[in-house]
Amino acid sequence: MRSAQKTVLKMEKVNKIYEGDPPFQALFDINLEIHEGEIISIIGPSGSGKSTLLHLLGCLDKPTSGEIYVGGSQVSKMNDDQLAFTRRETIGFVFQAFNLAPTLNVFKNVELPLVIKGVPPAERKPVVDRLLEVVGLTDKRASMTTKISGGQKQRVAVARSLVNNPKILLADEPTGNLDSKSSDDVINFILKLCQERGITVIFVTHDPRIAAHTERQIRIMDGKIESDIYSRNTKRRDLR
Ligand SMILES: Nc1ncnc2c1ncn2[C@@H]1O[C@H](COP(=O)(O)OP(=O)(O)O)[C@@H](O)[C@H]1O
Ligand SMILES: [Mg+2]
């Protein structure tokens, strides 16, 4: 059944060596295929290579060897413009540290990717308003992001990551800085929005509650995939 599904991300024999003295090999011969609409968690101890893997999948960094395909396209054959386009149009990111623009208010943070893309203001507003409504931040739309809680910041980041309608959402420890109530809210919003829209989601996480709600769990150890498990009876949706 899985083979009938469309592949959205693929890695073939991917190695990543960080230059330095001495150099450090963070990933070893990774083969991985990710299908449209899958909800996946990548788990493993600190330093095992999870962020490295996610950054390569998101075209934020390049492998030392091996091939990565986003959609059907081979990343190593893309020029810088094509790479930037793929990142912007296909992939949404959520980071542990939120990475919001501190000089912009909530609305403008969510709107920013559309501004960069050149979408006219009249078209931007309804899209941003709708996402802010879904993540429960309509009343905070004019607040500066320095004046809202961690959970609210991450909800802004989730809305921003989806404003361009990406096909894939990559979230690196999205609840790492949040209390359990805010974590549940953020995860629920991500799952709800992405399931509705058929977006493939990859969570890098230490949080067993996230892993329990994903249908596929990939465990990384010392730069290698140690296990890759599909669980049938994942309770998805509400964590509470
Ligand atoms: N830019 C870098 N230069 C050198 N080593 C790095 C760099 N980034 C990560 N590493 C090393 O690669 C390994 C994997 O890192 P990372 O992917 O961040 O792990 P994780 O996200 O699982 O904690 C770690 O040993 C880390 O120290
Ligand atoms: Mg990491």
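1. Let me start with Phe98, which is buried, with 20 other C-beta atoms within 10 Å. The term buried means that 20 or more other C-beta atoms lie within 10 Å of the residue's own, exposed means 12 or fewer, and partly exposed is in between, with C-beta atoms placed from the backbone. Phe98 sits in the loop between β6 (91-95) and α3 (106-117), and its phi is near 70 degrees, a positive value in a residue other than glycine. Helices (H or I, at least four residues) and strands (E, at least two) are DSSP runs, numbered from the N terminus.

2. A word on what we are looking at. This is a predicted model, in which local features need pLDDT of at least 70 and side-chain atom pairs count only at pLDDT 80 or more, while totals for chains, interfaces and linings use all residues. Residues are numbered from 1 along each chain as its sequence is written, and chains are lettered from A and ligands numbered from 1 in the order in which they are written.

3. Cys59 is partly exposed, with 19 other C-beta atoms within 10 Å. In the loop between β1 (7-18) and β2 lies Pro22, joined to Asp21 by a cis peptide bond with omega of about 5 degrees. Most residues other than glycine have a negative phi, and most peptide bonds are trans.

4. Now the ligand. Which residues surround ligand 1? They are Tyr18, Gly20, Phe24, Ala26, Gly44, Ser46, Gly47, Ser48, Gly49, Lys50, Ser51 and Thr52; a residue is near a molecule if its C-beta atom, placed from the backbone, lies within 6 Å of it. β2 (24-35) and α1 (50-57) each supply at least two residues of this shell, and α1 gives the most, with three residues. By class, the shell has three nonpolar, eight polar and one charged residues. Here Ala, Val, Leu, Ile, Met, Phe, Trp, Tyr, Cys and Pro count as nonpolar, Asp, Glu, Lys and Arg as charged, and the others, Gly among them, as polar.

5. The sheet is open and has four strands in the order β2-β1-β4-β5, with antiparallel pairing. β2 and β5 (73-74) stand at the edges with a single partner strand each, so one side of each is left without a neighbour in the sheet. Strands count as paired if DSSP finds at least two bridges between them; β4 (residues 65-70) and β5 pair in the antiparallel sense over two bridges. Val70 stands opposite Ser73 in β5.

6. Ser73 counts as partly exposed, with 14 C-beta neighbours inside 10 Å. The C-alpha atoms of Ser73 and Leu9 are separated by 9.3 Å, although the two are 64 residues apart along the chain. Ile17, in strand β1, also counts as partly exposed, with 15 C-beta neighbours inside 10 Å. Ile17 and Val128 are 111 residues apart in sequence and 39 Å apart in space, C-alpha to C-alpha.

7. Finally, the helix pair. α3 and helix α4 (residues 121-134) pack at an angle of about 130 degrees, with their axes 10 Å apart. Axes are lines fitted to C-alpha atoms, for helices over the stretch in contact, and angles run from 0 to 180 degrees between N-to-C directions. α3 and α4 are therefore oblique to each other: angles under 35 degrees count as roughly parallel, over 145 as roughly antiparallel, 65 to 115 as roughly perpendicular and the rest as oblique.
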